[in-house]
There are 2 protein chains.
Amino acid sequence: MLDHTDQRILEELSRNSRITMKELGEKVHLTGQAAASRVTKLEDQGVIEGYTIKVNQEKLGNSIHAFITVITQSMNHQPYLTFVKAQKEIIHNYKISGDGCYLLECKFPSNGRLVQFLTDLNKHANYKLSIVINK
Amino acid sequence: MLDHTDQRILEELSRNSRITMKELGEKVHLTGQAAASRVTKLEDQGVIEGYTIKVNQEKLGNSIHAFITVITQSMNHQPYLTFVKAQKEIIHNYKISGDGCYLLECKFPSNGRLVQFLTDLNKHANYKLSIVINK
DNA sequence: TCAACTCCTTTCACTTTTCAAGTTAAATGG
DNA sequence: CCATTTAACTTGAAAAGTGAAAGGAGTTGA
């Protein structure tokens, strides 16, 4: 399904998705047109889901990166899920098996905002907090 | 430092980083050239760290998404860190404060590979495993 | 008021993309 | 064995986008 050239294309696009098709072609030993048509195919197959940017969250003022393990007490998760949808600090809400029911990945601009978030979260569930201090 | 137009630009590029500068300009009510120069500025400021793609990991055959909390026994983390560097299944290795020393985010192609990984990891540290079952 | 500065637009030469047509090579079937 | 089909690539040309230079409008401060 995916040959070596496709792998190389995904690699190069992961490194820089704004590369021109001509340049991409040179890197994988194809013409720009051939590279472009492979990329289109990868998009159609759903292998490439989209093109995006990496943003420096610190420079945007979101300096606190947290993982929050959520342990819901109630059987009914709906109130929690509704809460999650409303919080824009949440980057991902993973349903997990293992320690806890959900794992939240969040970014906060300040300690105060984090405290507020945890207070609100605590109305629906218990949690364990992990703060990222390095990557 | 960042005005509303810059925010809009970041939003649009997050949605689609391969958009042409001309189109981006139209979306934020600028000419393509003006949009391009703002983007260059955002790059120079380090706000935009890079351009990348979202790849469907399932279609690449990496169907298991795991978070692994790592609790190192030894004071010396170096053997663990060396191990981490060598594993290509690891997407992120976060140093955390809270429950554990590190949090690993990984993708595995099979259960067997996960078991192998955990066996190897266990030579350097204890762990707690969480498997993502939904997002 | 004037100079300096920032941010934007216009213009134009140059590059890239897109689309159509042609080539090649491997697989299929009489 | 040869004709046919198909997939993947290349070539070429028109259309579209980019980047650099020049210039205009608005703001700031002496």
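These questions and answers look at DNA strand C and at the two protein chains around it.

This is a predicted model, where local features need pLDDT of at least 70, side-chain atom pairs count only at pLDDT 80 or more, and totals for chains, interfaces and linings use all residues. Residues are numbered from 1 along each chain as its sequence is written, chains are lettered from A and ligands numbered from 1 in the order in which they are written, and side-chain values use heavy atoms, without hydrogens and water.

Trainee: Which element gives the most to the surface near DNA strand C?

Mentor: A residue is near a strand if one of its heavy atoms lies within 4 Å of it. Helices are DSSP runs (H or I, at least four residues), numbered from the N terminus. The one that gives the most, with four residues, is H3(B).

Trainee: What share of the atoms of DNA strand C within 4 Å of the protein belongs to sugar or phosphate?

Mentor: One is 3.1 Å from a polar backbone atom of Met21(A). One is 2.6 Å from an N or O atom in the side chain of Thr31(B). Bases make up the rest of those atoms, and the sugar or phosphate share is 71%.

Trainee: By what turn can chain A be laid on chain B?

Mentor: Copies are superposed by least squares on the C-alpha atoms of residues with pLDDT of at least 70 in both. The RMSD is 0.2 Å, the shift along the axis is 0.1 Å, and the turn is 180 degrees. The copies are therefore related as by a two-fold rotation axis.

Methods: A polar contact is a pair of N or O atoms within 3.5 Å; within protein, one must be able to donate a hydrogen and the other to accept it, and residues adjacent in sequence count only if both atoms are side-chain atoms. Helices (H or I, at least four residues) and strands (E, at least two) are DSSP runs, numbered from the N terminus.
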